[in-house]
Amino acid sequence: MSMTDITTTPRGAAIPGPATPYQGDIARYWDGEARPVNLKLGDVDGLYHHHYGIGEVDFAAIGDPQDSEHEKKVIAELHRLESAQTDILLDHLGAITPESTLVDAGCGRGGSMVMAHQRFGCTVEGITLSAKQAEFGNRRARELGIEDSVRSRVCNMLATPFGTGTVAASWNNESSMYVDLHDLFAEHSRILSVGGRYVTITGCWNPIYGQPSKYVSQINAHFECNIHSRREYLRAMADNRLVPQAVIDLTPATLPYWELRATSSLVTGIEEAFINSYKDGSFQYVLIAADRV
Ligand SMILES: C[S@@+](CC[C@H](N)C(=O)[O-])C[C@H]1O[C@@H](n2cnc3c(N)ncnc32)[C@H](O)[C@@H]1O
Ligand SMILES: CC(C)=CCC/C(C)=C/COP(=O)(O)OP(=O)(O)O
Ligand SMILES: [Mg+2]
């Protein structure tokens, strides 16, 4: 689709095309994504994630590699670690009530949204560039009978339809590496109420290393994304009334996930770049929780 293309909904409302050619590329990328590592993990319990895991591997649960159920157990364990990642993000959203509205910016297939609704009983609005992902997330919400509270839509996270100051908390779970951070945090800051909370879990390059390493460049090429530095996150937050309340280096907590995944049947070829860059210090997996002031 070109930047000037317009499509319509069945009711005839105009949906503008992607804001930039790059966003069109990203929409196509996620519309076409069907890696077994994501679908098989999601099939474990119906929570479909597009992010990575944290926490120690439970080797007792995985058992013996000779066991005919071994692969199934590894899949369940990787999925448990990915859901644990969402849990730590939700732990940082602050006081959320059933009346709250939360925004998942770059919501993927919606796994984090379902978990947020199940924990808080609140409304969760998700946005993604991919129509396929939005359909998938809305279908899952209908299957769970929570479609009145959990909604995905195709929308640019830099220009959302949410009213100024109407959102109690918002997040980016591994989705901020597709956008300019100043533009992103300006939009979160606009929609959040004063005292609201913003949380991101992201991979960022480490300014202590100097510049993005070859492994960080490989990850960018693999996903067509543009990983930012830790410094850029903190500077762009400070410029947009987002004051960090917690900055947690999750790098040691995510390495066991990658090491387990690298030995599994679900490898995609990007595992060594993550492991090497986490180990050489050029790349970090971080959670940043910030107050909207
Ligand atoms: C790696 S996936 C993460 C999905 C989800 N947060 C999760 O944890 O499962 C990245 C997501 O960011 C979305 N995305 C990238 N750029 C976007 C933009 N400008 N506006 C809205 N969504 C965007 C993609 O459509 C995709 O859903
Ligand atoms: C931490 C960084 C840099 C993340 C980049 C964004 C990204 C593609 C996340 C995982 O998606 P996925 O779950 O679809 O990827 P995979 O197929 O590798 O599991
Ligand atoms: Mg994945």
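Student: Before we look at anything, what does "buried" mean here?
Tutor: A residue counts as buried when its relative accessible area is under 20%, and as exposed when that area is over 50%. Keep in mind that we are looking at a predicted model.

Student: Okay, so is Leu-89 buried or exposed?
Tutor: Leu-89 has a relative accessible area of 1%, so it is buried. Its place is in helix α4, which covers residues 70–91.

Student: Which residues does Leu-89 touch?
Tutor: Not counting residues up to four places away in sequence, Leu-89 touches Trp-171, Asn-173, Val-199, Ile-201 and Leu-287. Val-199 is 110 residues from Leu-89 along the chain, and yet the C-alpha atoms of these two residues are separated by 6.8 Å.

Student: Let me switch to Ser-176. Where does it lie?
Tutor: Ser-176 lies in the loop that runs between β6 (167–173) and α7 (181–191). With a relative accessible area of 0%, Ser-176 is buried.

Student: And what does the side chain of Ser-176 make a polar contact with?
Tutor: The partner is the side chain of Tyr-233, at 2.7 Å. If we leave aside neighbours within four places in sequence, the residues in contact with Ser-176 include Leu-181, Leu-184, Thr-200, Thr-202 and His-228, as well as Tyr-233.

Student: What about Glu-174, where is its place?
Tutor: Glu-174 is also in the loop between β6 and α7, and at 13% relative accessibility it counts as buried. Its phi is near 55°, which is a positive value in a residue other than glycine.

Student: Which other residue has a positive phi although it is not a glycine?
Tutor: Arg-241 has one, with a phi of about 60°, and Arg-241 lies in the loop between α9 (230–238) and β8 (242–249).

Student: New topic, then: how many residues surround ligand 2?
Tutor: There are 17 residues around ligand 2, and the closest are Arg-35, Asn-38, His-50, Tyr-52 and Arg-261. Helices α2 (36–43) and α8 (214–223) each supply at least two residues of this shell.

Student: Where do the polar side-chain atoms of Asn-38, Tyr-52 and Arg-261 come in?
Tutor: For Asn-38, a polar side-chain atom lies 3.0 Å from an oxygen atom of ligand 2. The corresponding distance from an oxygen atom of ligand 2 is 2.9 Å for Tyr-52 and 2.8 Å for Arg-261.

Student: How much of ligand 2 does the protein bury?
Tutor: Taken alone, ligand 2 exposes 500 Å², and the protein buries 100% of that. The space that ligand 2 takes is the largest cavity.

Terms used: Residues numbered from 1 in each chain as written. Chains lettered and ligands numbered in written order. Predicted model: local features only at pLDDT ≥ 70, side-chain atom pairs only at ≥ 80, totals over all residues. Heavy atoms only, no water. Helix = DSSP H or I, 4+ residues; strand = E, 2+ residues; numbered from the N terminus. Buried < 20%, exposed > 50% of the residue type's maximum accessible area, 1.4 Å probe, protein only. Polar contact = N/O pair within 3.5 Å; in protein donor to acceptor, adjacent residues only side chain to side chain. Contact = heavy atoms within 4.5 Å. Near = heavy atom within 4 Å. Areas by Shrake-Rupley, 256 points an atom, 1.4 Å probe, with all protein chains shown as cover. 1 Å grid on protein atoms, 1.4 Å probe; cavity = no way out; pocket = protein on both sides within 12 Å on 5 of 7 lines; lining within 4 Å. Sits in = over half its atoms within 2 Å of the grid points.
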